[in-house]
Amino acid sequence: MGELIDYQLRVNGRERDVAEAWLGESLLYVLRERLGLPGSKSACEQGECGSCSVLMDGKLVCSCMVLGASAVGADIVTVEGLSAGENDLSDIQAAFLAEGGVQCGFCTPGFVVSVHDLLEHNPDPTELQIREAVSGNLCRCTGYGRIIAAVQTAREARRA
Amino acid sequence: MSTALDVRRGRLGESAARPDGVPKVRGEFAFSSDMYAEGMLWGHIVRSPHPAAAIRGIDVSAALQIPGVKAVITSDDVPGRKTYGLDYPDQPVFAWDVVRYMGEPVAAVAADHPETARRAAAAIVVDYAATHPLTDPVLAADAEPIHPLGNVLHRQRVRRGNPDATGAVVVEGRYETAMQDQAQMGTEAGLAIPGEDGGVDLYIATQWLHIDQEQMAACLALPLDKVRLHLAGVGGSFGAREDLSMQVQICLLALRTGRPVKIVYSREESFLGHVHRHPAIMWYRHHADADGRLVKVEARVILDGGAYLSTSTAVTMNAACMAPGPYRVENALVEAVAVRTNNPPCGAMRGFGSVQVCFAHEAQMDKLAAALGIDPVELRLRNALKTGDSLITGQVLRGTAPVAEVIRTCAAAPLPTGGPRTLAELELPGGAGRTAERDRVRRGIGFAVSIKNLMYGGGFDDYSSARCRLEDGVATITCAAVEVGQGFVTLAQQIARDVLGVTDVVLAPPGTSDIGSAGSTSASRQTWMSGGAVQSACVAVRERLLSSVAGKHAVARDTLEIVDGRVVSPDGEVDLPVSEAAPGEVLEETVEFHHAPTAELDADGQGDAFVSFAFAAHRAVVDVDLDLGLVRVVEIATSQDVGRVLNPVQLVGQLEGGIAQGLGLAVMEEIVLDHGRVRNPSFTDYVIPTALDMPPVHIAAFIEEAEPGSPMGAKGAGEPPMISSVAAVVAAIRDATGLELPRAPVRPQDIALAGSAPGPVPGSGPNNVEVSP
Amino acid sequence: MLVFLPVSLEEAFDAFEQRPDAQLLAGGTDFMVEVNFALRRPPAVVCLRKVAELRGWRLEGPEVVLGAGITYTELMAPELSGLLPGLAQASRTVGSPQIRNAGTLGGNLGTASPAGDSLPVLAALDAEIVVASKKGRRSLELDDLIVGPKRTTLGPGEVIVEVRLPAALGSQEFLKVGTRNAMVIAVANVALVVDWAGHSVRCALGSVGPVVIRAREAEQFISSRIDWSGRTAPHEGDLAEFTALVRSAARPIDDHRSTADYRRHAVGVCAERALVRALANHNGGTWERTSWAS
């Protein structure tokens, strides 16, 4: 594999060391296999499914499309960084559960991150805006109905 | 803001929260791809790039030289049976003399980094002599055999009544459905850990733990108790995991290296590495009288089974038996045959043979309606099955069969308001591509109905095992039923709460070591079979609990019951919480739950082969760009025969999810093959619906007529949503365009290049309808 | 050092001197697919994410100067979408929100896919692409930069730094045909510009040839037929001829996504619709299609 490299990433507010990594590893790989953060999922490795979605400097991106070593200096937030503490849920996570928006759950972390990003930038999205915002997150189990309902529930709760 | 959820509530009939929901939304749920073991190696399977080739030699020497590579294995290293298979073991663990499909495993490596494993795999030199692949299913039966067992995988005939009967009206057609992929989000993954006893522990996402174990034991030449399977988190399935994927290969690598080995399939490998839905070519001829009553149905179905048998036998049986659909017909001449080709192997996918024939029989019913000038819904009502009618297999429907109800309620659902002139730009066909011209967008409506046989049949003695253990008010359920997302875990808790009145229900992790088989998570069977097993086990424990309390209080057992979590007698003399009713006692019961026996079909396809049936109707509204052939599905309405609603929100999830997969097969999903080569094994080019493609689903009705024989009155609900949804969407496109469209999926060129500018077919239904709000 | 994160162009060029075999990484949405699938194993990488000169955009007189690192999301923002509406429309069709946040204009150029969604717009607007290296800067037109499918004339150590486009030029339309409503590779895409001041129509076709194609015959024909005074609407017959000329300019292939026949058909439909929309919009919608002479 050639020379290995060392670098540091800031993930969920903490500085984390990456040691002896192959330079071609995606951020997704680094999060899952080196930093003990397997919440982001690998389902396509080509940015076509959104299961690996994270926030990078406040922008929603696919972590499989980010070279791990190129994320040095960026603020990375994963699904693990979105709930307050042990056994706590964000309002969006709670809404997904309440509305039946989780079946197998493989797409769920990616959706949770995308929806956090959506409501952060647009607190009052229409149904069409919700669908467009999550159009990069594939789900095979739910048909999206209960997921859209969950976003609407979270939106309403924040308005109240 | 944060809230913790109390997931402990919910009895049958309520939308109880799923017990695995919190870890799933927090990203803490361990899927098979998340498994980790200290010192683990990464495995990688080497696959044939050719759909057909002889193997002249395999040279692994270069791979073994690569630093970090710990093992390379081929068929020579399989100590036991070299093949496996659900029905018959015709499929090699590793090909040794020939490869029969693109993607067939030939070797495997284990190394200390996945990248090293990939490089080692690439360094293995397989000397292939490519041969001309057999890829035309129509020719396969008569072609040179590509396997010692021949090219006919299974043939199922169904003959009933008078083969020479004719009707006043005859319509025919040739229909095709393409190869669909389950495209479950979690790719295949597993972790095998060699045991100190020479056995192996495998953590795997699969559909049926015990059948995997059986096949693996034979290949690994190990006794069953040395092949221990543990269910790892499953990221969806839909049939893809019914066959073995990596199970034998990963265990061989672990046993060879003495270290844990993990394999995670890439998406491309997942497409190549699991079975797909059988593509079908179907010729149909319907005879009816002048009032539209079916006189005879003739059908010939060819299913492309691909290289190996998998579950083609049962798929063929289903296709033949369900060929006419949910309608009464006295006379039938049906033959379905599954053939072997060098195309990718096909097997279980949600719907299992019914999806294909439903596409054809519903197109036929619409043709009949048009020929007779009868409303298509009315035609279906005239022929709808009901309890007491017979199928073409001669089986009398003894369970509930509310087909007319399903049809009426679905057809009565209000149509969506608005139309192409009023929709936002993003909602027109073409979406953000902004291609649509509103004047050239036509709205169409299509309707379809389906029948699905639930569970296994044909004489197979299917069963499920479950154990209930009650101790100090906590119930522990042990059942190997695989949770793939459908919510069985929720149901198991609901059942225990319902029967025992407890709040806390623990689910033991499913595995092969502690409990017998629960059968497959497929065929819409788990609610009935494993739900039934769990219920029976809980009932047996309740029986012992109440007997124990009765004895202690010197009352008759039959005066006691459990109400609101308390053991009570009518006079109030006995009134104590379940948690205190048997202090210090452990009450445990294990049950094996069987369904009523079924019979094999005879040479004419006659016999009481099925346990139960479920029916569903779908109505689709689509907008079609007539010049570009782009389609947007505006709404899908449905009614489904469910027996009893056990968990409303989970049931909605099954309907919406199944309909999305039906929409996919109708307008966008197909594995594109070129002489046996898969051209699109990626999410870039095998496209499944996004949130912008999937419309709202309107559930017009759950028809709840409790099914006799079902332990809780419920019918399996997973497959019906997938079946007539395909037919309804394509019917709607036909309505909008006036085109025959005998193929699913419909491609843009099928509409745009069909000939002169498409116009509506007279009498085929309303189109260009703009409904005022 | 194997992965460089320069903050300036100068630092980027120094990195290339240190590692001439280093590969360029912009948004990663093409690069990482190749790495993840083991089609590309870079010995070293120069990541352009932080290079100041590649970020942002500015107005220089009648031109918009886009930093090559500008993302699709940034191109969709209100101010830029007013100045470059065709590019904003194209950006909205790219991938998903995740891809649009990361993918860059420079990357779309560097990847040079025949289906690249920004490319027809750049072609129709006669974009000037500025490339820089240690030796200095040079300007290119699109068809001098992209010479084949996934082939550019970029030399070693060269970086695309800017794209210069006319601001708010005429009426612009971008249409893209795909088999799904999101995350879809174009089966055909069309960018069309009606330059009212310059009395010309430009029409660029994507996904129907090895590179983006300017349908020059069709452009010249329809430009000569439009009444630029705005008094009379074009004839249906002229529209049909325009469409036929567009189709004859296309050189599509059959592949697993679509057929040559369909692509040729689709690109004609899209070009016609784009033209009608652009013309109708300019007159505030008074040129309704139904009022056109046949």
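Q: Where in chain B is Pro745(B) found?
A: In this predicted model, Pro745(B) sits in the loop between β31 (743–744) and α17 (748–752) of chain B.

Q: Is the peptide bond from Ala744(B) to Pro745(B) cis or trans?
A: Read the omega angle. For the bond from Ala744(B) to Pro745(B), omega is near 5°, and the bond is cis.

Q: Where does Met455(B) lie, and is Met455(B) buried or exposed?
A: Met455(B) lies in the loop between β18 (441–454) and β19 (463–471) of chain B. To judge burial, count C-beta neighbours; 20 or more within 10 Å makes a residue buried. Met455(B) has 25 other C-beta atoms within 10 Å, so it is buried.

Q: What is phi of Ala554(B), and in which loop is Ala554(B) found?
A: Phi of Ala554(B) is near 55°, again a positive value in a residue other than glycine. Ala554(B) is in the loop between α13 (526–553) and β22 (561–563) of chain B.

Q: Now a strand residue. Which strand holds Asp201(B)?
A: Asp201(B) belongs to strand β12 (residues 200–204) of chain B.

Q: Why does Asp201(B) count as buried?
A: Asp201(B) has 22 C-beta neighbours inside 10 Å, so it counts as buried.

Q: Which residues does Asp201(B) touch, leaving out those up to four places away in sequence?
A: Asp201(B) touches Ile193(B), Gly195(B), Arg228(B) and His230(B).

Q: On to a whole chain. How many helices and strands are there in chain C?
A: Chain C has twelve helices and 14 strands.

Q: What does the radius of gyration say about chain C?
A: Compare the value with that of a compact globule. For 294 residues, such a globule would have a radius near 19 Å; chain C has 20 Å, so the two agree. The C-alpha trace of chain C spans about 70 × 45 × 30 Å along its principal axes.

Q: What share of chain C counts as buried, and what share of its contacts joins residues 24 or more positions apart?
A: Of the 294 residues of chain C, 56% count as buried. Among contacts in chain C with a separation of 6 or more, 65% come from residues 24 or more positions apart.

Methods
Residues numbered from 1 in each chain as written. Chains lettered and ligands numbered in written order. Predicted model: local features only at pLDDT ≥ 70, side-chain atom pairs only at ≥ 80, totals over all residues. Helix = DSSP H or I, 4+ residues; strand = E, 2+ residues; numbered from the N terminus. Buried ≥ 20, exposed ≤ 12 C-beta atoms within 10 Å, placed from the backbone. Contact = placed C-beta atoms within 7 Å. Rg over C-alpha atoms; globule rule 2.2 N^0.38 Å.
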